[in-house]
Amino acid sequence: MRSAQQILADSAVIAVVGASRDPRKAAHGVPSQMQRYGWRIIPVNPTADELFGERVYRSLADIPHPVDLVDVFRPAQDAVDVVREAVAIGAPAVWLQLGIVSAEARRIATEAGVDYVEDRCLIVERAAAGLTRLG
């Protein structure tokens with residue numbers, strides 16, 4: 001099981017489930033900042049067409065290429081289904097953002113051999129490790 005910072009260091013493409021159009025929300029600011037530091041952000045949102053200059057997909061299954069990390073900005077009760085989808089598409093890691101905890105999601109990820117982080121923020125971990133994907 002990789003650490004949170006190792007997962008970020010190893011990831012280039014992050015699918016963000018629950019990415020928001022609202023710049024006041026963490027589900028917009030966090031992926032936007034990760035993108036500024038060089039990660040490719042693939043937004044997953046059923047009601048938007050484009051976010052962060054990227055095409056928005058309705059579900060993880062709709063993304064036509066591999067992702068390295070699935071970042072979850074959904075309530076804990078929704079995280080279980082998101083983790084099942086992440087396992088189904090072969091994502092090597094799942095990250096539940098700050099304040100999101102799910103024992104069932106953790107169990108599903110662990111049983112599938114998927115690295116799992118919960119209740120932590122991507123940008124905090126990125127900053128703490130001094131990580132960037134820029135040249």
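The model is predicted: local features need pLDDT of at least 70, side-chain atom pairs count only at pLDDT 80 or more, and totals for chains, interfaces and linings use all residues. Residues are numbered from 1 along each chain as its sequence is written, and side-chain values use heavy atoms, with hydrogens and water left out.

Q: Why is His 28 called buried?
A: Buried means under 20% relative accessible area, exposed over 50%, and partly exposed in between, with a 1.4 Å probe and protein chains only. His 28 has 18% relative accessibility, so His 28 counts as buried.

Q: Where does His 28 lie, and in which helix?
A: His 28 belongs to H2, residues 26–36. Helices are DSSP runs of H or I with at least four residues, strands are runs of E with at least two, and both are numbered from the N terminus.

Q: What is His 28 in contact with, leaving aside neighbours within four places in sequence?
A: Contact means heavy atoms within 4.5 Å. The partners of His 28 are Ser 20, Arg 21, Asp 22, Pro 23 and Phe 52.

Q: What puts the buried residues of H5 on the same side?
A: In H5 (residues 122–129) the buried residues are Leu 122, Glu 125 and Arg 126. They span an arc of only 100° around the axis, and therefore sit on the same side of H5. The arc is that of the directions from the helix axis to the C-beta atoms. An α-helix has 3.6 residues a turn, so residues three or four places apart point the same way.

Q: Which exposed residues are on the face of H5 turned away from its buried side?
A: That face carries Val 124 and Ala 128.
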